Amino acid sequence: MTKQNSLVGFLLIGFGLYFLVSQLNIPYLSEFYSWPTLLIIIGTSFLLHYYIIKDHSSLFTGALLLGFGIHFHAIRHVEFWTDDWPFYFLVIGTAFLIRYAGARKGLIPALLFLGFGFFALLWPVNPGWFQWIHTGFQTIIRYWPLVLIISGIYILKK
């Protein structure tokens, strides 16, 4: 496999394992037959692709998708994990921080996202202006497929 095709190879291996395990219907792994697992597979593939060819854009994308996949799994399977909107800022900030570790770019956004996420998560009483952020995230979560549709149209037109 060439270095350029490594992303496709990792994706095929990951999806193949996912569908094979779901076909075998292993009871201990039934919790992982969900879409967050697909995010984890895609994110891990991007991170492995970065490791092979050192493509820095793959590093950020992989960390972001892996982080969201882990977050959505934790919501379902970890009792103390909550689905608060500051976790999204923490995942994005962590992705920027991982990108900074590999590419030496993105330290300021990483610190801003992490700082704001921790502030919003740990502050005992949220100020009133946090409500519009919560409402905005609820809207994004509800209509996220539109982002995929618009992105697809943009790519086709480009």
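## Threonine 139

Threonine 139 has a relative accessibility of 40% and therefore counts as partly exposed, a class that lies between buried (under 20% relative accessible area) and exposed (over 50%), with a 1.4 Å probe and protein chains only. Threonine 139 belongs to helix α6, helices here being DSSP runs of H or I with at least four residues, numbered from the N terminus. Between threonine 139 and proline 109 there are 30 residues in sequence and 23 Å in space, C-alpha to C-alpha.

## Basis of the model

This is a predicted model, in which local features need pLDDT of at least 70 and side-chain atom pairs count only at pLDDT 80 or more, while totals for chains, interfaces and linings use all residues. Residues are numbered from 1 along each chain as its sequence is written, and side-chain values use heavy atoms, with hydrogens and water left out.

## The nonpolar core

The largest nonpolar core has 17 residues, of which Leu64, Phe68, Trp85, Tyr88, Ile133 and Phe137 touch the most other members; such a core is a set of buried Ala, Val, Leu, Ile, Met, Phe, Trp, Tyr and Cys residues joined through side-chain atoms within 4.5 Å. At least two residues of this core come from each of α3 (56–77), α4 (86–103), α5 (107–122) and α6 (130–142).

Apart from neighbours within four places in sequence, leucine 64 is in contact with Val91, Ile92 and Ala95, where contact means heavy atoms within 4.5 Å.
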